[in-house]
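Subject: Two-chain model for your files

Hello,

I am passing on the structure we discussed, with notes on what turned up in it. Please look at the model before reading on.

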Amino acid sequence: MSYVLTDSAALFGRHLTHFKRLPQQLISVTLMPIMFVFLFGYLFGSSMVVPDGKYLDYIMAGILAQMMLANAINTGVGVADDLNNGLVDRFRSLPMTQFSVLLGRTAADLVLNIIALLFMVLVGLLMGWRPHGSALSTIGGVALLLLLGYTMTWLGCLIGLTLRHPQVINSVAMAVTMPLAFLSAGFFPINNLPGWVSAIASWNPVSAIVTGVRELWGNPVGYGDDPSWPLRHPVPVSLITLIVLLLIIVPLATRAYRSAAAKTT
Amino acid sequence: MEYAISVEGLRKRYGEREVLSGVSLSVAAGSVFGLLGPNGAGKTTIVRTLATLLDIEEGKATVAGFDVARQGAEVRKRIGLTGQYAAVDARLTGRENLVLLGTLAHLGRQRARQRAEELLEVFDLQEAANRLVGTYSGGMRRRLDLGASLIAEPEVIFLDEPTTGLDLISRTALWNMVRTQAEAGVTVLLTTQYLEEADQLADRVAVIDQGQVMAEGTPTELKNKVGGERLEITVETAELAQRALVPLAAVGVAAPIVDSTGLRISVALDAGTGGIADAATGLQRAGIAVADFSVRRPSLDDVFLQLTGHRTEDTTVAAAGRTER
């Protein structure tokens, strides 16, 4: 049983070494979010209106949530890479615990996410974003984003192991995460949207997550007078949704690992 | 005799296609066993099944005394696998790769490091040990890959087409490694498309085609199946080659075969030397000028041709309707 830990630690080390060798990875992860902070928060911010505060304060949670969603692509491509170059075969022929292959990778991606989030928090502070909650609840907001990122790395494992081809993984992961990011309260208040779109957006888990983060950071929530039920209880709804998703995705990804390795001819 | 690998009635299908149609094999402990066959014959599927990567649908297999289907964990402790790709991490150094795999093989940190150094030395990678594998040549990668499969000092090693795409030096290094392992009592199962390789390395060979074992035995036994010496003649034109078939058929034990150039004919002769003289006389009487006339011992290629109707590699044969690759 202790092998789960030592095997995962060995693979965790492998991914951290990759990261140390290629710190530019941090740029590829944070480049888009930096552009978004600059374009939306700074340039267009003056023409965007949110009910109870600055647009930059509003949009930070949305931009960071989108950065977490993008984990599905990065992890998916990485997992498929190991599968296609035969490393997964080698792992499978070793007496190691196979679950560690995914556990080690997702743990390493979590570390990358922590670094990327701290970096983006600095960028946001430089651009004028300010959290207004307590230190503890600010950290709580970061933790909620990390839980989203962690769920997405597992989704990436599932997508990567099922689809195998980097191009396809890219398109599918985009097709899943883009509507989640933009058909939500991530970038603009959803009560201005037409009725049915607004209904979809308000039940999109990403809306609850960004609203929860905004609440924890004391940033404008922007949902007006009559928020939908998930937005009225954003933190518990987010936590429950993400934990349930993890409970579904982790076993599916583990199974996909087993059958993906067996499928290679 | 003690068998390190035994396979009985192994079947496997991918959807409609049956890739293994009842394969049975026995490999003696400490021997080198060659699986010889063209692409798509099912060699890789056999190896992957024995290395516990594929589920067994029908049949039974044991490796190092453990049931592959039910005692996979025990099997994995005792095997080393080198697949068709060099399965190493390009973004780690050679040393890091070996230490990582040693750790995952549960050697313990200290032993993993020690073992990595030993293997770097054996495979002549000491100087490149701290370089990223991404900068290695194909041959170096392959050597590292082989080292990785030996990290836990396995009882049985599987080599799936280990020399495909290798330069001559790396191929020689690999052959030496196989011989060294066998001398040390390790059982080696290797697959190859190259008859020469099977002939050079293997104590016993199974010829595999379309998911079945067509023949099994020592290289010498297999050669004897094809009969005695083979006469090969080369003529100037395809028309002459066709005419030469008649006198040659009269002296051969099997029908003569024209190769893909249409100019070279080979025919298996009866034991004894009378056949050679008869063939020469027959050709002369028919007025056929022969450009080249040679006699040679049968090769495994002849065995393959005889058993399957086609050669192991791309060369097409007049008699064979199937091409590989």
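What percentage of the 265 residues in chain A is made up of buried residues? The figure is 47%, where a residue is buried if 20 or more other C-beta atoms lie within 10 Å of its own, exposed if 12 or fewer, and partly exposed in between, with C-beta atoms placed from the backbone.

On conventions: this is a predicted model, in which local features need pLDDT of at least 70, side-chain atom pairs count only at pLDDT 80 or more, and totals for chains, interfaces and linings use all residues. Residues are numbered from 1 along each chain as its sequence is written, while chains are lettered from A and ligands numbered from 1 in the order in which they are written.

Chain A

Chain A has 12 helices and 0 strands; helices (H or I, at least four residues) and strands (E, at least two) are DSSP runs, numbered from the N terminus. The C-alpha atoms occupy a box of roughly 60 × 35 × 35 Å along the principal axes of chain A.

Two residues are in contact if their C-beta atoms, placed from the backbone, lie within 7 Å. Of the contacts in chain A between residues at least 6 apart in sequence, 82% join residues at least 24 apart.

UniProt (unreviewed entry) annotates residues 24–260 of chain A as "domain: ABC transmembrane type-2". Those residues are 77% helix and 0% strand, with the end C-alpha atoms 30 Å apart. The UniProt feature "transmembrane region" (unreviewed entry) is placed at residues 26–46, 58–80, 101–127, 139–161, 168–188 and 235–253 of chain A. UniProt positions are given in the numbering used here, feature names are shortened, and annotations may be inferred rather than shown by experiment. Two of these spans can be compared with the model. Residues 101–127 of chain A are 100% helix and 0% strand, and their end C-alpha atoms lie 39 Å apart. Residues 139–161 of chain A are also 100% helix and 0% strand, with 33 Å between the end C-alpha atoms.

Chain B

Chain B contains 11 helices and 14 strands, and its C-alpha trace spans about 80 × 45 × 35 Å along the principal axes. Of its 325 residues, 46% are buried. Among contacts in chain B between residues at least 6 apart in sequence, 67% join residues at least 24 apart.

B:V32 belongs to strand 3 (residues 32–36) of chain B. B:V32 is buried because 24 other C-beta atoms lie within 10 Å. Leaving out residues up to four places away in sequence, B:V32 touches residues including B:V178, B:L190 and B:D203. Its C-alpha atom is 24 Å from that of B:S21, 11 residues away along the chain.

Strand 3 of chain B pairs in the parallel sense with strand 9 of chain B over 4 bridges; two strands pair if DSSP finds at least two bridges between them. B:L35 stands opposite B:A206 in strand 9 of chain B. In strand 9 (residues 204–209) of chain B, 5 of the 6 residues are buried. Strand 9 of chain B also runs antiparallel to strand 10 (residues 212–217) of chain B, joined by 5 bridges, with B:V205 opposite B:G217. These two strands form a hairpin with 2 residues between them, and B:Q210 in the turn has a positive phi of about 50°.

Cores and interface

The largest nonpolar core has 150 residues, and A:L64, A:A65 and B:L189 have the most contacts inside it. Apart from that core lies another of 15 residues, among them B:L231, B:I233, B:I257 and B:V267. A nonpolar core is a set of buried Ala, Val, Leu, Ile, Met, Phe, Trp, Tyr and Cys residues joined through C-beta atoms within 7 Å.

The contact between the chains takes 21 residues from chain A and 25 residues from chain B. On the side of chain A that touches chain B, the largest share, 7 residues, comes from helix 1 of chain A.

Regards
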